[in-house]
Amino acid sequence: MDRSIEQRYAIKFCFRLGKTASETFAMITEAYKEDALSRAQVFRWFNEFKNRRESVEDMELSGRPSTSRVDETVAKVKELLDSDRRLSLKMIADEVSVNKFTVHQIVTQDLMMRKVCAKLVLRVLTAEQKQRRVDVCREKLNELENNPDFLDNEVTGDESWIFQYDPETKAQSSEWHTPASPRPKKARMSKSRVKTMLIVFFDKRGLIHKEFVPQGKTVNVEFYKEVLRRLHKAVKRKRQDLAQRWRLHHDNAPAHTAFLVTSYLTGIGVEVLPQPPYSPDMSPPGFFLFPKAKRCLKGHRFDDIPNIQRAVTKALTGITPTDYSGAYEAWKTRWQRCIKNAFKQELRLILLREFNVETTRNVISAWGKEGRGRPSVVDNDQLKATIEADTRKTTREVAEELNVDQSTIVRHLTQIGKVKKLEKWVPDDLNDVHKNRRFEVSSALLLRNKNGFPPALSPVTRNGSPTTTGEVLRNGWTATQLRSTSLSPNRTKRRSW
């Protein structure tokens with residue numbers, strides 16, 4: 001017999017003999033020594049028998065079943081998720097009457113699902129627009145197979161706004177730190193209203209023509225036609241071998257597709273290559289030139305528009321012919337990736353209709369896997385020196401510099417205890433004077449009272465209503481804030497390497 005059950009019988013026997021709870025506990029302790037029930041357990045069971053309980057066995061619990069991961073429950077969970085993809089695990093658990101941990105196992109292991117956040121895109125494409133992307137990419141790849149040099153005479157271009165001040169993104173300003181170090185801080189800023197529009201055209205050998213739109217001028221059909229006239233002259237001057245056979249690639253903006261513009265291009269014998277709708281990722285200016293030129297401008301504030309234009313011109317001059325050639329090679333890769341992703345989506349839908357979720361995931365993940373051919377080992381000292389030289393380098397940039405795979409960089413950074421931390425947005429970036437003033441005010445108030453609460457925080461009356469030490473009293477300060485800010489004068493300073 002279980003010793004606890006045996007002792008419960010003994011407690012019941014003592015109760016029937018008229019013993020008190022204290023006497024019963026003393027007798028149980030004397031009889032069972034170290035195996036005796038605790039005082040709380042003895043008193044609890046004594047009161048149970050006092051309340052006319054007869055059984056010494058534990059009562060059956062009314063909780064949820066422990067073994068509920070069965071096919072019927074899996075089917076119910078799948079039906080709930082099909083009806084609403086935003087249900088939480090707790091909501092599903094309450095609906096199917098199983099515990100939350102079991103629901104998590106069903107969703108992640110049986111249904112092979114995970115919760116993902118929505119990705120922000122410029123525009124949600126329709127089915128026809130997605131198919132148009134695939135058709136254009138397939139058309140260009142077919143032309144590439146027939147004529148491997150067909151991109152040599154292609155000039156691409158677009159226009160974009162350049163701001164007087166464009167703040168760095170959180171990802172761009174992230175730095176490598178140890179896990180114990182705090183996140184850096186940066187003041188929340190927005191783009192300035194002062195801006196200028198840049199129009200640029202280039203080919204795989206380099207920049208051909210650029211110009212800035214005059215202030216107050218709109219890029220309409222007439223203005224864009226004049227831009228193309230100047231581009232045509234620049235091609236004749238800088239690319240004499242392409243003067244009679246160059247082709248133009250631009251997006252589907254209204255000014256680009258207007259009849260007046262297309263008629264002019266047809267008149268001078270320039271063919272226009274198709275561009276998928278709402279697809280800047282399929283245009284070299286959108287995925288290469290503008291991001292590369294603007295990257296070095298972010299975080300800098302310029303005095304006026306001429307300074308902006310000089311900075312942009314300098315950034316464009318720093319782009320090498322190798323970069324332009326690499327952008328055209330990346331363009332081909334994006335065509336292939338678009339077709340491949342469309343095929344994978346079609347394959348996934350077919351497999352889901354014919355097989356289960358696990359088989360579909362295994363096939364999709366195994367399809368098309370190829371090694372990158374780079375070494376899988378890197379020297380940790382060399383890696384540490386590289387990131388210490390520039391703490392804002394991305395893992396891709398470090399991988400290209402050391403000529404290793406990006407996953408190798410991530411793995412070795414974990415080994416040496418380096419993590420990339422995003423900067424924390426704060427309302428304002430305090431200078432040293434403001435930080436010292438915070439420290440002086442906090443220290444002066446705390447020194448006025450030995451207990452840490454200055455007299456200024458004692459209950460007083462403001463506007464006829466009493467206040468407490470937890471309320472804002474002087475310049476928006478609270479007792480908790482005063483304690484936290486007075487620990488160190490350098491507490492709010494950024495930390496880096």
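Where is Arg-52 found? Arg-52 sits in the loop between helix 3 and helix 4 (71–83); helices (H or I, at least four residues) and strands (E, at least two) are DSSP runs, numbered from the N terminus. Before we go further, please keep in mind that this is a predicted model, in which local features need pLDDT of at least 70, side-chain atom pairs count only at pLDDT 80 or more, and totals for chains, interfaces and linings use all residues. Residues are numbered from 1 along each chain as its sequence is written, and side-chain values use heavy atoms, with hydrogens and water left out.

Most residues other than glycine have a negative phi. Arg-52, however, has a phi near 70°, a positive value in a residue other than glycine. Arg-52 is also exposed, with a relative accessible area of 76%; here buried means under 20% relative accessible area, exposed over 50%, and partly exposed in between (1.4 Å probe, protein chains only). Lys-33 has a positive phi too, near 55°. Lys-33 lies in the loop between helix 2 (21–32) and helix 3 (39–50), and is exposed at a relative accessible area of 58%.

**Aromatic pairs**

The structure holds nine aromatic pairs. Rings of Phe, Tyr and Trp (its six-membered ring) pair if their centres lie within 6.5 Å; planes under 30 degrees apart count as stacked, over 60 as edge-to-face and the rest as tilted. One of the pairs is Phe-202 with Tyr-328, edge-to-face at 6.5 Å centre to centre and 80° between the planes. Phe-202 belongs to strand 4 (residues 195–203) and Tyr-328 to helix 13 (residues 321–354), so this pair ties together parts that are 126 residues apart in sequence. Phe-202 is buried, with a relative accessible area of 0%, and Tyr-328 counts as buried at 1%. Phe-288 and Tyr-324 form another edge-to-face pair, 5.6 Å centre to centre with 75° between the planes. Ring pairs link Phe-150, Phe-202, Phe-288, Tyr-324, Tyr-328, Trp-331 and Trp-335 into a cluster.

**Salt bridges**

There are 21 salt bridges in the structure, each being a side-chain nitrogen of Lys or Arg within 4 Å of a carboxyl oxygen of Asp or Glu. Among them are these:

| Pair | N to O distance |
|---|---|
| Lys-12 and Glu-54 | 3.2 Å |
| Asp-94 and Lys-90 | 3.4 Å |
| Arg-239 and Asp-203 | 2.9 Å |

Lys-12 lies in helix 1 (residues 3–16) and Glu-54 in the loop between helix 3 and helix 4, so their bridge ties together parts that are 42 residues apart in sequence. Lys-12 is buried at 16% relative accessible area, whereas Glu-54 is partly exposed at 47%. Asp-94 and Lys-90 share helix 5 (residues 89–96), four residues apart, about one turn of the helix. Both Arg-239 and Asp-203 are buried, and a network of salt bridges links Asp-203, Arg-205, Arg-239 and Asp-241.

**Helix 18**

Finally, let us look at helix 18. At 1.5 Å a residue, its 16 residues (432–447) should span 22 Å, and the end C-alpha atoms are 22 Å apart, which agrees; the expected span is 1.5 Å times one less than the number of residues. The buried residues of helix 18 are Lys-435, Ser-442, Ser-443, Leu-445 and Leu-446. Seen down the axis of helix 18, these buried residues fall within an arc of 165°, so they line one face of the helix; the arc is that of the directions from the helix axis to the C-beta atoms. On the other side of helix 18, Val-433, Arg-437 and Leu-447 are exposed.
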